[in-house]
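Biologist: I am new to this structure and would like a close look at a single part of it. Please keep the account plain.

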Amino acid sequence: MANDLMAKSEANSLLNEISNYEFILSLVIWYDILEKVNIVSKNLQSQNMEIRTSIKMVYGLLEHLKQYKTTGFNSAKNKANKLASEIDIPIIFKCCRIRKKKKMFSYEHDDEPISNEEDRFRIDYFQVIVNRAIESINKRFGPVRIIFE
């Protein structure tokens, strides 16, 4: 009986976490990024892939991620809005308490906290993910350059 109540409580907690707008938006962002990465990855693993073609594909992925960094948030938000409206989830960002950092010295300046929750999500989540994806590609493949004949 106790296990059933615990399982029910955990299930309700998970339901609350995955039935909010930020979760749907994060799924759309990850899908957009991983869809392109998967295409390049599968082509790189094919037996008859040429080096020039693979370098061009990695370079294209890198360029796509750089473009996605500037325009991807709005397109992901539009897709997430559509999905959220289909499953009756309110299109709102969770409000978080703004942390105040203790100043150790009198000359420290107060940082302005991000008051708009959408901007907070874009800066703290979206930009971080896309920047890490770009860094990972650069680290893995080095500076990617297209080899011309």
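Biologist: How many aromatic pairs does the structure hold?

Modeller: This is a predicted model, in which local features need pLDDT of at least 70 and side-chain atom pairs count only at pLDDT 80 or more, while totals for chains, interfaces and linings use all residues. Residues are numbered from 1 along each chain as its sequence is written, and side-chain values use heavy atoms, with hydrogens and water left out.

The structure holds 4 aromatic pairs. Rings of Phe, Tyr and Trp (for Trp, its six-membered ring) pair if their centres lie within 6.5 Å; planes under 30 degrees apart count as stacked, over 60 as edge-to-face and the rest as tilted. One of the pairs is formed by Phe-73 and Phe-121, and it is tilted, with 6.4 Å centre to centre and 40 degrees between the planes. This pair links distant parts of the chain, with Phe-73 in helix H3 and Phe-121 in helix H4, 48 residues apart. Helices here are DSSP runs (H or I, at least four residues), numbered from the N terminus. Helix H3 covers 51-86 and helix H4 covers 117-141.

Both Phe-73 and Phe-121 are buried. Buried means under 20% relative accessible area, exposed over 50%, and partly exposed in between (1.4 Å probe, protein chains only). Phe-73 counts as buried because its relative accessibility is 5%. Phe-121 also has a relative accessible area of 5%, so it is buried.

Phe-121 forms a further aromatic pair with Tyr-125, and this one is stacked: 4.9 Å centre to centre, 25 degrees between the planes. Phe-121 and Tyr-125 are separated by about one helical turn because they are 4 residues apart in helix H4. Tyr-125 has a relative accessible area of 24%, so it is partly exposed.

Ring pairs link Tyr-68, Phe-73, Phe-121, Tyr-125 and Phe-126 into a cluster. Leaving aside residues up to four places away in sequence, Phe-73 touches Leu-25, Tyr-68, Glu-118, Phe-121, Arg-122 and Phe-126, where contact means heavy atoms within 4.5 Å.

The loop between helix H3 and helix H4 contains Asp-88. Asp-88 has a positive phi of about 55 degrees although it is not a glycine. Most residues other than glycine have a negative phi. Asp-88 is exposed because its relative accessible area is 68%.

How values were computed: Helix = DSSP H or I, 4+ residues; strand = E, 2+ residues; numbered from the N terminus.
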